[in-house]
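Hi,

Here is the structure I promised to pass on. Have a look at it first, and then read my notes below.

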There are 2 protein chains.
Amino acid sequence: MRLVVVGTGLIGSSFALAAREAGIFDEVLGVEPDEARGRRAIAAGIVDHLVPDVPPDADAVLLAVPCDLIPEWVAKLADHPGIVFDAGSVKGGVLDAVLALRGSLPSRFVPCHPIAGSEQSGPDAATPRLFAGQEIIVTPDAATAADAVARVSGWWRATGARVTHMTAAEHDETFAVTSHLPHLVAFAYLQGIDSDQLAHAAGGFRDFTRIGASEPAVWAPIFALNRHAVLAALDALQKDLERVRALIASDDRRALTELLADSRARRRGFRRP
Amino acid sequence: MRLVVVGTGLIGSSFALAAREAGIFDEVLGVEPDEARGRRAIAAGIVDHLVPDVPPDADAVLLAVPCDLIPEWVAKLADHPGIVFDAGSVKGGVLDAVLALRGSLPSRFVPCHPIAGSEQSGPDAATPRLFAGQEIIVTPDAATAADAVARVSGWWRATGARVTHMTAAEHDETFAVTSHLPHLVAFAYLQGIDSDQLAHAAGGFRDFTRIGASEPAVWAPIFALNRHAVLAALDALQKDLERVRALIASDDRRALTELLADSRARRRGFRRP
């Protein structure tokens, strides 16, 4: 079994390590335009060698590139006999772009989003444990072949992940709120921080802003391709910020305390990982 | 040497444990209106026993109560012969309230803010290592006795912390940005989260919202007493959020990527703890 990983960043490299460890693939090839990154992926034993393009005899092709580059790869590999799957954080915007390019989704393309990652990037940050205990969202279309979904799901499960199905729209609305908006806020918040303030920042700042060190080339396309849901989530946050501001400005200490207690209770409902 | 800790929450209990471990105090008494919490503080060996009020022979009194309760304690202990110090996250608003109560700051009151804490609360979460490697901000006034500042600074250093001096205004502006605003945003953000979404939240959400589980009785007074600086910091964040929104809405991918890269670089300047 031959896997081709297009993009040897954190996600592609971690999947390659985990799937090889699970004994699924005998050979892993990498497509990586960044030469230095490609050399590091070989040196770390993540890919056996680099190829300029996806060979026709690949059994599986993981598109682990920024979201905005996924549609052209899907279109280009539409007639590839292997199973093609992606790891993009946006689904609807990516699928719409594929439809715009070729009118339908290839039946052997399985849209996936592993809910795992880090502010770290590149093959040096890769680990075969990245997906262990994490969720993989699969958003199959009516055109997607069921056997392709089953095989890709099995590969993800072999990395220790669990697989959940959603529609692309459900996915994009959910992750706009739980992931994209926190990243957006962390990036925006850091715009107001200078080095004098940083010298006094501590644990709260550290955790709140960790995701604000995430890779710009990954996140700008996520915000762009999930624009509608992300801006709707930002609208809702702005309303909640205005609500908190009004309680502080009017010194309504009781209502403010109740709101904070309600938020605390919501956070305490979070039990994963 | 006899220490009285007014408030056996996370900060008061952790200081008691650390200072006792450092051999500074032979006896630690607790003032704790919450009976269950007081019993846990005794059971955990944090305080030797509880007292209904601060005895006149205490050498040191730590006011580890929510910010809004500090001024009345300072006023009440104005003529106490021991050294009184607090651990409040707001300084200016607290000192102003003391001035409003009695016209001047007691010379043996040392305003302090340990930049340490957690979303955990109470004596069960206490640890003698809480302050190790962390910063303690001291904001003495012209009226504050230098020997009292020196002694309190020595006690904090004995817990493993380092001591920095600022004016109360500098303190409040800095921590409005680096601490109070992230807490405010985390609390506000959690208002938009429901249990269906929580089921799909992962590591980014976990860290971004950790401080949104902080104690409401501590945080509502912080926002209220540092209202001016907190709302100014929120104004600045709202402007940055609008800037990011505009770049997403207009799909200015290049400028958006540059902004994210600038935020990432700022975050990478953070080296502590």
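Phe131(B) has a relative accessibility of 0%, so it counts as buried (buried is under 20% relative accessible area, exposed is over 50%, and partly exposed is in between, with a 1.4 Å probe and protein chains only). Trp156(B) is buried too, at 0%.

Before I go on, a word on the ground rules: this is a predicted model, where local features need pLDDT of at least 70 and side-chain atom pairs count only at pLDDT 80 or more, while totals for chains, interfaces and linings use all residues. Residues are numbered from 1 along each chain as its sequence is written, chains are lettered from A and ligands numbered from 1 in the order in which they are written, and side-chain values use heavy atoms, with hydrogens and water left out.

**Rings**

Over all chains there are 23 aromatic pairs (rings of Phe, Tyr and Trp, the last by its six-membered ring, with centres within 6.5 Å; planes under 30 degrees apart are stacked, over 60 edge-to-face, the rest tilted). Phe131(B) and Trp156(B) make one of them: the ring centres are 5.2 Å apart and the planes are at 75°, so this pair is edge-to-face. Phe131(B) sits in the loop between strands S7 (112-114) and S8 (135-138) of chain B and Trp156(B) in helix H5 (residues 146-158), so the pair ties together parts 25 residues apart in sequence. Helices (H or I, at least four residues) and strands (E, at least two) are DSSP runs, numbered from the N terminus.

Tyr189(B) and Phe208(B) are also edge-to-face, at 5.3 Å centre to centre and 90° between the planes. Tyr189(B) is in helix H6 (residues 168-190) of chain B and Phe208(B) in helix H8 (residues 203-209) of chain B, so parts 19 residues apart in sequence are tied together. Tyr189(B) is buried at 3%, and Phe208(B) is buried at 0%. Ring pairs link both residues into a cluster whose members include Phe270(A) and Phe270(B).

**Where the chains meet**

The contact (heavy atoms within 4.5 Å) takes 82 residues from chain A and 82 residues from chain B. Together the chains bury about 7,500 Å², 63% of it on carbon and sulfur atoms; buried area is the accessible area (1.4 Å probe) that two parts lose on being put together, summed over both. Gln191(A), His200(A) and Arg267(A) supply 10% of the area that chain A buries against chain B, more than any other three residues.

**Salt bridges**

The whole structure has 38 salt bridges over all chains (a side-chain nitrogen of Lys or Arg within 4 Å of a carboxyl oxygen of Asp or Glu), and 8 salt bridges are between chain A and chain B. In one of these, Asp235(A) meets Arg245(B), with the closest N and O atoms 2.7 Å apart. Asp235(A) lies in helix H10 of chain A and Arg245(B) in helix H10 (residues 227-249) of chain B, so the pair joins two chains. Asp235(A) is partly exposed at 35%, whereas Arg245(B) is buried at 15%.

Within chain B, Glu119(B) and Arg210(B) form a salt bridge at 2.7 Å, N to O. Glu119(B) is in the loop between S7 and S8 and Arg210(B) in the loop between H8 and helix H9 (216-225), so parts 91 residues apart in sequence are tied together.

Cheers
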